[in-house]
Amino acid sequence: MINLDCDDLFDTWRQQARWLLSHEIDPSLVSWAAEGVGDLFASDHPVPEGQGPFQARIPRALLDTLENAARYRGDQRWSLLYEVLWRVSHGDRTAMMAGDKLGSELQRRIKQVSREAHHLHAFVRFIERPKALPGPQYVAWHEPAHDILHSASEHFIGRMGRHRWLIATPRDGVYYDGEQLIHERRCPPEWQQLAQNVDDPHGDLWLTYYSHIFNPARLNPKVMQGHLPVRFWKNLPEGELIPQLITQARMGKQQDGQASGISTRAGKRIALKGVERSG
Amino acid sequence: MQIIDKLSILADAAKYDASCASSGAPKRSSEGKSGLGSTDGMGICHSYTPDGRCVSLLKILLTNFCLYDCQYCVNRRSSDVPRARFTPEEVVTLTLDFYRRNCVSGLFLSSGIIRSADYTMEQLVRVAKLLRKEHEFRGYIHLKTIPDADPALIAEAGRYADRLSVNIELPTDASLQTLAPEKNIGSIKQAMQTIYTGEQTVLNEPRAPKFAPAGQSTQLIVGADDTDDSTILHGAQALYGNFRLRRVYYSAFSPIPDSPKSVPLAAPPLMREHRLYQADFLLRRYGYSADELLKGPGNLALDIDPKLAWALQNREVFPLDLNRAEASLIARIPGIGLRTTERLVELRRQRRIRYEDVARMRCVLAKAKPFIITSDYHPQQAEVTSHLLYQQLRDRPAPQQMGLWG
């Protein structure tokens, strides 16, 4: 076995894979260490030095595909990619396709990664810090399941304009200072504190909206959970409302769509003349 | 009244509109610019409420004061609901606040009719204009269009909004006359025509200011009257054809408090709404015609999806050889979607398709099985009658527990 460690960096893996491929080292003879266990397995296979004779032509599109799939955190994160690279460079393009056993796993990983990037775009919640403070104006805490933060957070540069914002996670973090995006592979503890200990004095507006746009007569928690996995609830302000809204809707027997807070307020029928008054 | 109280009333009043899409806008970015917001054509669902619906936009009414008396509507003038009215500035503040929080991708603004159609439309346009001009907001804006409003106002709305929509509300003229006496189909279609003309005018003019680049949509309410699915689908097909609508939304009538006698007390099954959406998708994306899905009068089956229903009625087309059949026909196999069709075509360029390849592609194999041939598989069920297949493949809904009080 040849055991390698790429420190979960795609570029490092790419150098290693290119070298392995040039020596035509079969995927079954290589493994990449999971984080922190690199020293457990010593390589017991003679390791050739320098570049080998085999010259593979690797299309750019394949590299992009592999880089994308490399953001997936999971077993055989890197060795699966080498196997795909091996097969395609030996003329078997089905290794990238969903109909193939390996290809379908590759495609599944890519899908998970792009789903997780989409989850970042959707479920990050920025909270505004007091205006006078230096540093980020908006901070968010997010817990992505895959290594998508750096690439996917570029989305917020277009969205937030010149505002300064920060997204901290348990692993890495990003800070946009109004001009450039700074990515830290290990999120500085001060960033994590900023994101986790921020006051939100006006958070109730959004919670009010969320409660009232929900139609209790159409209760369908299963569909909701399919789109909004439970693991995100704890970092969403509306997350703690969800169980009670479901319970209330069940107790209210789902008769009509109105929220209970509305039906208890005084109503107003409108006569056809003299309606021009604001609420 | 505090803004938070208004928000609770005017969000509650807006929830019956099904659309919350933020897709189809052109690429806009605020990178390095003052102002806020971006769009890239893809919508984002920022949250989901426990009814399973996506929250993509801040969807509110400017006011739920309304002169009209549409029987199915919670905000009709004879309804005893609390009323409120936002100022345009308040809507702007809320939109920007939610947007910065990343809770929404924009605004979907509608309104009850106050004073006149023109006045109401003016107020809606004013909000969009404030957002775009004063605040350089580049997020998504969807404005409801008031049917009788001056075409000049609709044209102005089209310059600020990504999407405009005019609700057709009820599927037939007769129902509109009975249940929404102040509305009429003529002015609704006139407004759609105005929007369509606006879109066409800038179509091949890259320098012209954009006009509702995410197109127009409409909504109709299902189950408030006794119109059948066939009429609804043929109506939708005509709207897609005549006005190039992007979407028709079907909203199952939701019972409202203090319901008038003219509308039902109970909601139609949500499954009916779901089947209409499936059929609508077949019209828009798969190239089915309304006649293929429902020839005569009647409703879509609730226990099988419309694609399976079509396949069972057209058995002579099947089984299809996945290694030979045209892509457009493969997409008509129950349980195989457009994405899987693409993947099958991609794969068969490399090698013959086997049964296990199909199994790996995340299609609904149980549904597809009787209708496909691969290099190593021929369906035993090919000779089974459609009626038997129907019995095997129909959905059996889990038994519903009765409510405690009957």
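In this predicted model, A:Asp7 is partly exposed, with a relative accessible area of 39%. A:Asp7 sits in the loop of chain A that runs between β1 (2-4) and α1 (10-22). Its phi angle is near 55°, a positive value in a residue other than glycine. A positive phi is also found for B:Glu169, near 65°. B:Glu169 belongs to the loop between β6 (163-165) and α5 (173-179) of chain B. With a relative accessibility of 8%, B:Glu169 counts as buried, because the limit for that class is under 20%. Another backbone feature occurs in chain B, where the peptide bond from B:Phe318 to B:Pro319 is cis, with omega near -5°. B:Pro319 is part of the loop between α10 (306-313) and β9 (320-321) of chain B.

The contact between the two chains was examined next. Chain A and chain B bury about 6800 Å² between them, and 57% of this area is on carbon and sulfur atoms. Of the area that chain A buries against chain B, 13% is supplied by A:Arg159, A:Tyr209 and A:Arg218, more than by any other three residues. The contact involves 74 residues from chain A and 83 residues from chain B.

Three salt bridges were found across the interface of chain A and chain B. In a salt bridge between A:Arg218 and B:Glu273, the closest N and O atoms are 2.7 Å apart. The interface of chain A and chain B also has 35 residue pairs in polar contact, both residues being at pLDDT 80 or more. On the side of chain A that touches chain B, at least two residues each come from α4 (101-123), α6 (155-160), α8 (204-213), α9 (221-227) and α10 (242-251) of chain A. The most, nine residues, come from α4(A). By class, this side of chain A comprises 33 nonpolar, 23 polar and 18 charged residues.

Two buried residues have contacts in both chains. A:Glu238, in the loop between α9 and α10 of chain A, is buried, with a relative accessible area of 0%. Neighbours within four places in sequence left aside, A:Glu238 is in contact with A:Arg125, A:Trp206, A:Leu207 and A:Tyr210, and with B:His46 and B:Ser47. B:Tyr99 is in helix α2 (residues 88-100) of chain B and is likewise buried, at a relative accessible area of 0%. The side chain of B:Tyr99 reaches the backbone nitrogen of B:Ser38 at 3.0 Å. B:Tyr99 and B:Leu57 are 42 residues apart along the chain, and their C-alpha atoms are separated by 9.0 Å.

In soluble globular proteins, nonpolar side chains tend to be buried together. The largest nonpolar core of the model has 161 residues. Those with the most contacts inside this core are A:Trp165, A:Tyr209, B:Ile60, B:Tyr72, B:Phe98, B:Tyr250 and B:Ile333. Helix α3 (residues 117-134) of chain B gives the most to the core, with eight residues. Another core, of 30 residues, lies apart from it and has among its members A:Cys6, A:Leu20, A:Leu63 and A:Leu80. Residues up to four places away in sequence not counted, A:Trp165 touches A:Phe126, A:Pro136, A:Tyr138, A:Ser153, A:Phe156, A:Ile157, A:Met160, A:Val174, A:Tyr175, A:Tyr176 and A:Leu181.

Conventions
Residues numbered from 1 in each chain as written. Chains lettered and ligands numbered in written order. Predicted model: local features only at pLDDT ≥ 70, side-chain atom pairs only at ≥ 80, totals over all residues. Heavy atoms only, no water. Core = buried A, V, L, I, M, F, W, Y, C linked by side-chain atoms within 4.5 Å. Buried < 20%, exposed > 50% of the residue type's maximum accessible area, 1.4 Å probe, protein only. Helix = DSSP H or I, 4+ residues; strand = E, 2+ residues; numbered from the N terminus. Contact = heavy atoms within 4.5 Å. Buried area = accessible area lost by both parts, 1.4 Å probe. Salt bridge = Lys/Arg side-chain N within 4 Å of Asp/Glu carboxyl O. Polar contact = N/O pair within 3.5 Å; in protein donor to acceptor, adjacent residues only side chain to side chain. Nonpolar A, V, L, I, M, F, W, Y, C, P; charged D, E, K, R; others polar.
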